[in-house]
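Here is a friendly set of questions and answers for you to work through. Keep the structure open beside you as you read.

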Amino acid sequence: MEVEVDGQKITLPEESTLEDALKKSDVTYKEGASIGIFEEKKSQGREETNKYKITTSKGEFQIELYGNETESKKRWIENYKDFDNLKVEWENNDALAFGSFKSNISPVFDSYKFEEFDIVFGTGGFDPDKSFIIIIKEPHKAEYGIPEDGSFAHVISGRKIVSNLEQSDTIKKVEPVIEWEETGEGYTTNDLSTKVSDGNKIYTHFEVEINPDAPEGAESFFALVKDGTFKIDFEASSFIADDTLKGEMSKYENFEPRQTGAVSIRTAGYNTGRTYISRKDRPSSIAHSVIGYVTKGIELIKIAKQEDVLSVATIPNQIMLLGKGFKEAESRLENLDIKLTRQNHTEDDAVIVSQNPENTIDIFNQGEVEAYGVPESHLIKIELFDDSAPKTVDFFRHAARLQFKNVGHLSVYFTYENTYLFKAELEAEKYKEIMPENTPENKVNAGDVGITNQAAKRMGYIGVKTEDDDMFGPTGEKFSSTNIIGRILDIEKLKNLKDGDIMYIIESSGED
């Protein structure tokens with residue numbers, strides 16, 4: 001029998017299992033992730049003539065036609081098959097043009113203002129016999145000999161591919177995107193002993209292409225999927241959602257329609273911080289910033305159910321240097337053609353604790369990044385007690401920026417005798433609860449990390465003691481006012497700290 005795994009057709013013996021299919025296709029499977037299995041029927045297909053996939057010599061991108069009916073839109077629908085093999089005739093920082101070909105365009109002798117990734121028909125020297133398909137790369141005003149109806153479509157995915165196209169590149173194929181009606185015959189499972197059938201289509205993961213117009217939102221999404229998974233905490237007919245960062249503030253950056261496959265973060269109101277993936281087309285929203293698009297595996301999104309954990313990849317991958325040594329960081333960046341500048345402690349034994357720019361998109365745009373290093377002796381390992389103090393650990397990760405970064409930091413507020421007190425740079429206590437949770441009973445141990453809970457006035461203070469104490473918690477409060485959220489694994493490093501210093505911290509399982 002023949003099945004398809006992530007687009008790869010393979011042949012298997014009868015009675016084969018999902019595990020057999022994964023081994024034969026040699027895909028990388030994340031243990032425990034849900035896999036989608038479809039029994040596809042051709043009669044259920046329907047052409048979506050508002051979306052087209054354009055395969056080029058550099059890769060593929062997708063466009064979506066605008067909703068209004070224009071001559072340009074009609075021209076595209078009637079002639080898209082004739083655009084195979086068109087070459088990039090010219091390109092610059094503002095735009096590129098495929099062509100040329102003959103058309104019946106009536107060019108307007110005027111300049112127009114174009115938006116980023118708009119698509120228009122244009123002419124060379126206002127001659128319809130020298131017509132082009134022009135893709136706008138940067139917002140600008142120009143005279144391209146376009147018809148009066150202006151742009152008829154825009155690029156919705158593969159924008160990096162478009163930006164990298166050169167005069168030597170060619171359109172290989174233009175084809176409409178085929179979507180499949182929901183039939184109830186697709187399902188998800190993480191049971192690898194599940195039998196597969198002839199004609200099954202199997203999807204192990206989905207891919208998200210990050211929107212370059214949402215650099216800060218992109219970092220939130222990278223933090224959400226840092227373990228390579230998207231957890232479905234809620235699902236509806238029009239979307240699935242992951243609540244891992246629910247409650248975290250996110251900047252509104254990108255106002256776009258939430259078309260099928262759009263990844264958006266709610267930036268205001270109820271469910272702020274929740275990350276959505278659209279299953280159906282929805283209009284733009286002033287509360288949803290679109291940070292990317294699903295470019296592969298949308299089928300998996302459409303059939304996934306609540307509590308599924310889906311494997312996800314991003315394009316590009318996040319550039320997160322924190323916690324790495326300079327040599328490791330330089331090796332990775334060299335492959336990306338990005339220059340790294342060492343700062344502060346610049347020796348090879350340094351650990352990177354901050355980077356500038358902080359955002360992946362900004363680093364790619366600038367082609368360089370500054371990395372701030374400290375000796376390894378200044379980086380403190382902490383084990384967090386997610387099971388026994390989940391709410392307070394959430395507060396701590398936010399306060400120390402560990403929700404979004406591999407290395408967090410806290411300012412040393414005050415030190416005395418065997419006690420170190422820290423105050424978060426971010427006042428998370430304004431919108432994060434610190435109810436009593438995992439309070440000690442008889443004593444606290446050296447290295448225990450405590451946070452003052454809502455039973456005391458100094459709520460939100462973070463502390464640690466270097467000696468056992470059977471009277472007061474790590475912040476100097478009585479036990480009932482102290483939540484124990486973790487322990488420092490290398491407590492001897494605290495002796496390097498004094499008032500006003502920064503404590504750099506990295507999470508550890510306690511078994512490292």
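**Rings, strands and a buried charge**

Q: In this predicted model, is F152 buried or exposed?
A: The cut-off for a buried residue is under 20% relative accessible area. F152 has a relative accessibility of 1%. That value is under the cut-off, so F152 counts as buried.

Q: How do the rings of W76 and F152 lie against each other: stacked, edge-to-face or tilted?
A: This is one of the 17 aromatic pairs found in a search of the whole structure. The two ring centres are 5.8 Å apart, and the planes meet at 35 degrees. Stacked needs under 30 degrees and edge-to-face needs over 60, so the pair of W76 and F152 is tilted.

Q: How many residues apart in sequence are the parts that W76 and F152 tie together?
A: W76 belongs to helix 2, residues 71–79. F152 is found in the loop between strand 11 (140–142) and strand 12 (153–157).

Q: Is W76 buried or exposed?
A: Buried means under 20% relative accessible area. The relative accessibility of W76 is 1%, so W76 counts as buried.

Q: Which residues do ring pairs link into a cluster with W76 and F152?
A: Look for the other aromatic rings that ring pairs join to these two. Along with W76 and F152, the cluster holds Y52, Y80, F83, F101 and F121.

Q: What is the bridge partner of I63 in strand 12?
A: Start with strand 5, residues 59–65, where five of the seven residues are buried. Strand 5 pairs with strand 12 in the antiparallel sense, over four bridges. In strand 12, the partner of I63 is V155.

Q: How many residues of helix 4 are buried?
A: Helix 4 spans residues 215–224 and is mostly covered. Among its buried residues are P215, F221, F222 and L224. Of the ten residues in helix 4, the number buried is nine.

Q: In which order do the seven strands of the closed barrel run?
A: The pairing in this barrel is mixed. Neighbouring strands of the sheet are turned by 40 degrees against each other on average, direction ignored. The order of the strands is 27-32-30-31-29-28-33.

Q: Which residue in strand 31 is the bridge partner of V449?
A: Strand 30 covers residues 448–452 and strand 31 covers residues 462–465. They run antiparallel and are joined by three bridges. Across from V449, the bridge partner in strand 31 is V464.

Q: Which side chain makes a polar contact of 3.3 Å with that of E477?
A: E477 is in the loop between strand 31 and strand 32. With 16% relative accessibility, E477 counts as buried. Leaving aside neighbours within four places in sequence, E477 is in contact with T452, A456, R458, F472 and T482. The side chain that makes the polar contact with E477 is that of R458.

Q: Over the face of which residue does R458 lie?
A: R458 is 5.4 Å from the ring centre in question. The charged end of K423 sits over a ring too, at 5.2 Å from the centre of Y461. The face under R458 belongs to Y461.

Technical notes
Residues are numbered from 1 along each chain as its sequence is written. This is a predicted model: local features need pLDDT of at least 70, side-chain atom pairs count only at pLDDT 80 or more; totals for chains, interfaces and linings use all residues. Side-chain values use heavy atoms; hydrogens and water are left out. Two strands pair if DSSP finds at least two bridges between them. Helices (H or I, at least four residues) and strands (E, at least two) are DSSP runs, numbered from the N terminus. Axes are lines fitted to C-alpha atoms, for helices over the stretch in contact, and angles run from 0 to 180 degrees between N-to-C directions. Buried means under 20% relative accessible area, exposed over 50%, partly exposed in between (1.4 Å probe, protein chains only). A polar contact is a pair of N or O atoms within 3.5 Å; within protein, one must be able to donate a hydrogen and the other to accept it, and residues adjacent in sequence count only if both atoms are side-chain atoms. Contact means heavy atoms within 4.5 Å. Rings of Phe, Tyr and Trp (its six-membered ring) pair if their centres lie within 6.5 Å; planes under 30 degrees apart count as stacked, over 60 as edge-to-face and the rest as tilted. A charge sits over a ring if NZ of Lys or CZ of Arg is within 6 Å of the ring centre and within 35 degrees of the ring normal.
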